[in-house]
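User: Hello! I am new to this structure and would like to learn how to read it, feature by feature. Could you guide me through it?

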Amino acid sequence: MVSTLDRLSYAARQTARVAWYAGHYAAGRRLLKPMPKPDHPVGPTPSRQEMTADMRGLFAREWRDIEAGLFPAPRPLAAEPAEFLRRSLLYFRDLPAVDARRHGERDDELPPGQQGDGLPDYYRQNFHFQSDGWLSEDSAALYDTQVEVLFTGAADVMRRRALRPIAEWLAGRNQRDLRGLDVGCGTGRLLAFVHEAWPGLRLSGLDLSAPYLGEARRVIGRTARVKLIEGAAEALPFADKSLDLVFSSFLLHELPPDVRLAALREMARVVKPDGIVVIVDSIQRGDRPSWDGLLDLFPHYFHEPYYADYVGGRLGTLAAEAGLAVAETEHAFLSCITSLRPR
Ligand SMILES: C[S@@+](CC[C@H](N)C(=O)[O-])C[C@H]1O[C@@H](n2cnc3c(N)ncnc32)[C@H](O)[C@@H]1O
């Protein structure tokens, strides 16, 4: 049962988040050198008002689900105030290096090629133009700020839309009997939200980045209910049909096409026949035709080598090839939440 106070506190917290990250966004724009326009055609883009209204609608939908008792209001996952500010500083400190990479003045720090560390070549890149790509503690500490600035405070709420299909699928099941996995869990935000909502679930988070997993442990806290595993999405260390719930946020668009398909095949392999796979990732071309231009611009401004390929395809088609069928989709601002069932 939620009270008026709960609603006010939810609204105040989300408004403060959006204001904080929108402020970073505006300051960042002033600090970055203007980029030349892309030399490829760009589709239509929505107005700022349309995007703001859409984001508001997203928070309103989440609140309705909380009121309906599908899952609890999210607890703030932010670090202590001093640490929170340090992350903000780290973000601004990294901006000149990000800018230099955007303008092609620095692009050789994580070159593909044999590095002898066992990580795949496609993985060793400065994704988002961020220093160290996925490969350092500093990068892990500033990743969440960077992503929230990009989405002006809406990244977490987009991730949390995965909670609705999970809640509906969980109805009538005993969470203590169930095992779940977050594939490419990164700094563990979605994993933390799922754990907070259903603390009885036995969860694992898997990622190739040890520093990101370190940050995930900090966010989630010490609990035997959540294991963190260094591993690859395309070779999941789980037996066939051994997991009830598999979820993943903002991973698939970071993978080359063959690895993306391999990762989906692995999810299809490990999930039980009556289980569910929930994917949160970018909307794709044609999902919201009047927003297609944003999908054209994104990889131009951020280093996203596989994004254009991802948004140019259909997740449903790829999932079918992997042995999964779409049960439901929801568009949530710039992302799409897709629930899949084994075929
Ligand atoms: C854009 S981040 C998304 C992280 C997190 N799920 C989120 O919602 O923010 C992509 C994550 O995928 C991880 N990753 C990329 N390729 C991977 C692979 N082949 N196997 C496992 N993790 C991978 C990266 O280390 C990074 O943490």
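User: How closely do the axes of helix α3 and helix α4 come, and at what angle do they cross?

Analyst: The general idea is that a pair of packed helices is described by the angle and the distance between their axes. In this predicted model, the axes of α3 (residues 81–102) and α4 (residues 137–150) come within 9 Å and cross at roughly 85°. That makes α3 roughly perpendicular to α4.

User: Which residues make that contact?

Analyst: On the α3 side they are Arg 87, Ser 88, Leu 90, Tyr 91 and Asp 94, and α4 brings Asp 138, Ala 141, Leu 142, Thr 145, Gln 146 and Val 149. Sorted by class, the contact of α3 with α4 has five nonpolar, three polar and three charged residues.

User: Now the sheet, please. In what order do its seven strands lie?

Analyst: As background, strands of a sheet pair through backbone hydrogen bonds, and the pairing is either parallel or antiparallel. Here the order is β3-β2-β1-β4-β5-β7-β6, in an open sheet with mixed pairing. The edges are β3 (226–230) and β6 (324–332), each with a single partner strand, so one side of each has no neighbour in the sheet. On average, neighbouring strands are turned by 15° against each other, direction ignored.

User: How many bridges join β2 to β3?

Analyst: Five bridges join β2 (residues 202–207) to β3, and the two run parallel.

User: Which strands does helix α9 lie across?

Analyst: Helix α9 (residues 257–270) lies across β1 (179–183), β4 (243–249), β5 (271–282), β6 and β7 (335–342). Relative to β5, α9 runs at about 150°.

User: How is the chain divided into domains?

Analyst: Domain 1 covers 1–77 + 152–343, and domain 2 covers 81–150. Their C-alpha centres lie 20 Å apart. The contact between them takes 26 residues from domain 1 and 27 residues from domain 2. On the domain 1 side, α1 (4–31) and α8 (210–220) each supply at least two residues, and α1 gives the most, with five residues. By class, that side of domain 1 has 14 nonpolar, eight polar and four charged residues.

User: Last topic: which residues come nearest to the ligand?

Analyst: Of the 21 residues around the ligand, Gly 184, Gly 186, Ser 209, Ala 233 and Ser 249 come nearest. The shell as a whole divides into 12 nonpolar, four polar and five charged residues.

Key. Residues numbered from 1 in each chain as written. Predicted model: local features only at pLDDT ≥ 70, side-chain atom pairs only at ≥ 80, totals over all residues. Near = placed C-beta within 6 Å. Nonpolar A, V, L, I, M, F, W, Y, C, P; charged D, E, K, R; others polar. Pairing = 2+ DSSP bridges. Helix = DSSP H or I, 4+ residues; strand = E, 2+ residues; numbered from the N terminus. Axes fitted to C-alpha atoms, helices over the stretch in contact; angles between N-to-C directions. Contact = placed C-beta atoms within 7 Å. Parallel < 35°, antiparallel > 145°, perpendicular 65-115°, else oblique. Domains from an automatic or database assignment.
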